[in-house]
Amino acid sequence: MVTLRQLRYFETLARTKHFGMAADQCAVTQPALSMQIKELERELGVELVERRGGTIAVTPAGQEIAARAEAILGQVRELSDYARQHQGVLTGSLRLGIIPSIAPYLLPEILTEVTKRYPQLDLQIRETQTSPLLEELIRGELDAVLVALPVEPPQLEAMPLFEDRFLIAVQSQAAPDWSKSDLRTRIGQERLLLLEEGHCLRDQALQFCQIANMQARRALGAASLTTIMQMVAAGHGITLLPELCARTEVDRKRVALIAFPEEPPRRIVGLAWRRSSARQSDFTALGELIKSLRREAVGEGQPANV
């Protein structure tokens with residue numbers, strides 16, 4: 001009899017096209033995964049993969065079965081979600097993905113409040129860039145993601161949570177000169193320090209500044225905002241910094257924050273999940289919790305006022 005375990009193993013193998021990677025993702029040994037795939041082939045009576053030493057190719061029959069396996073596994077997840085709803089709001093496990101430009105600045109407060117309000121919730125966190133988070137969400141490996149909106153895949157639904165305006169971060173000694181400048185023109189004349197390719201924060205900064213040219217792309221591509229802020233403090237350029245990150249990342253003795261006088265650029269932070277999920281009441285409750293945390297933080301003047 002075909003088992004859900006076999007389908008999950010094969011779907012992962014068909015997606016990664018690598019026994020070692022598939023075994024890692026399924027948290028089993030490679031021989032165990034290989035044995036289950038062979039058993040599935042015997043049960044179905046068709047060859048699913050062509051083994052070519054260290055690599056594999058999925059057969060035409062395997063591609064169709066992998067697609068059907070993905071659909072079946074998705075239905076099983078939705079069935080589990082439906083049953084979980086009857087246990088109460090925000091109970092059991094919830095796998096939440098968060099992008100790096102949000103996680104360090106919001107996650108500690110979320111975890112503290114969740115522990116207080118929803119002690120029966122097991123909140124499991126995955127932090128990485130937007131693109132892989134959305135892919136994992138669609139595949140059902142995550143239940144919801146906290147990202148900058150909008151999200152494009154039509155199978156996803158999103159709940160806007162709060163606006164996060166951008167500030168200009170410059171070296172403190174240079175701040176007086178900026179008060180006499182047209183900010184948008186001045187930004188285009190400076191070396192803009194950005195996160196590396198793949199971070200949505202980089203794309204948002206380039207889109208606002210309208211300087212997606214080779215000079216901007218040759219600028220520093222850092223892996224973290226902490227690195228960028230150290231570069232700004234040392235006078236090696238400027239950056240656009242989300243206000244959410246300012247309280248943690250800014251050394252006020254070395255870095256000055258400059259607010260746009262009107263219509264500041266901003267991002268919308270929101271929670272996204274699969275439209276087919278039966279856990280919408282969970283996601284709404286989590287979204288409302290995050291919104292309340294932000295309202296409290298703004299009321300207390302956090303991040304630091306400019």
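Angles under 35 degrees count as roughly parallel, over 145 as roughly antiparallel, 65 to 115 as roughly perpendicular and the rest as oblique. I kept that scale at hand for the helix pairs.

**Ground rules.** I am working on a predicted model, where local features need pLDDT of at least 70, side-chain atom pairs count only at pLDDT 80 or more, and totals for chains, interfaces and linings use all residues. Residues are numbered from 1 along each chain as its sequence is written, and side-chain values use heavy atoms, with hydrogens and water left out.

**Overall.** I looked up the secondary structure and found 13 helices and 11 strands. These are DSSP runs numbered from the N terminus (helices H or I, at least four residues; strands E, at least two). The C-alpha trace spans about 75 × 45 × 30 Å along its principal axes. Of the 306 residues, 48% are buried. Buried means under 20% relative accessible area, exposed over 50%, and partly exposed in between (1.4 Å probe, protein chains only). I noted an accessible surface of about 15,400 Å², with 50% of it belonging to carbon and sulfur atoms. That area comes from the Shrake-Rupley method with a 1.4 Å probe. Next I checked contacts, meaning heavy atoms within 4.5 Å. Among contacts with a separation of 6 or more, 73% join residues 24 or more positions apart.

**H1 against H2.** I describe two packed helices by the angle between their axes and the distance between the axes. Helix H1 covers residues 4-16, and its axis lies 8 Å from that of H2, at an angle of about 135°. The axes are lines fitted to C-alpha atoms, for helices over the stretch in contact, and angles run from 0 to 180 degrees between N-to-C directions. H1 and H2 are therefore oblique to each other. The crossing of H1 past H2 is right-handed, meaning that the near helix is turned clockwise from the far one by less than a right angle. From H1, I listed Arg8, Tyr9, Thr12, Leu13, Arg15 and Thr16; they meet Phe19, Met21, Ala22, Gln25 and Cys26 in H2. I sorted the residues of this contact into 6 nonpolar, 3 polar and 2 charged. Ala, Val, Leu, Ile, Met, Phe, Trp, Tyr, Cys and Pro count as nonpolar, Asp, Glu, Lys and Arg as charged, and the others, Gly among them, as polar.

**H2 against H3.** H2 holds residues 19-26 and H3 residues 30-44; their axes come within 9 Å and cross at roughly 100°. That makes H2 roughly perpendicular to H3. On the H2 side I found Phe19, Gly20, Ala22, Ala23 and Cys26, which meet Gln30, Leu33, Ser34 and Ile37 in H3. This contact has 6 nonpolar residues, 3 polar and no charged.

**Arg139.** I found Arg139 in helix H6, residues 130-139. With a relative accessible area of 18%, Arg139 is buried. Leaving aside neighbours within four places in sequence, I see Arg139 in contact with Glu11, Arg15, Glu70 and Arg77.

**Backbone checks.** The peptide bond from Leu149 to Pro150 is cis, with omega near 5°. I placed Pro150 in the loop between strands S5 (144-149) and S6 (156-171). Leu90 is not a glycine, yet its phi is positive, about 50°. Its loop runs between helix H4 (60-85) and strand S3 (92-98). Leu90 counts as buried, at 1% relative accessibility. Glu263, also other than glycine, has a positive phi near 45°. I located Glu263 in the loop between strands S10 (255-258) and S11 (266-274). At 68% relative accessibility, Glu263 counts as exposed.
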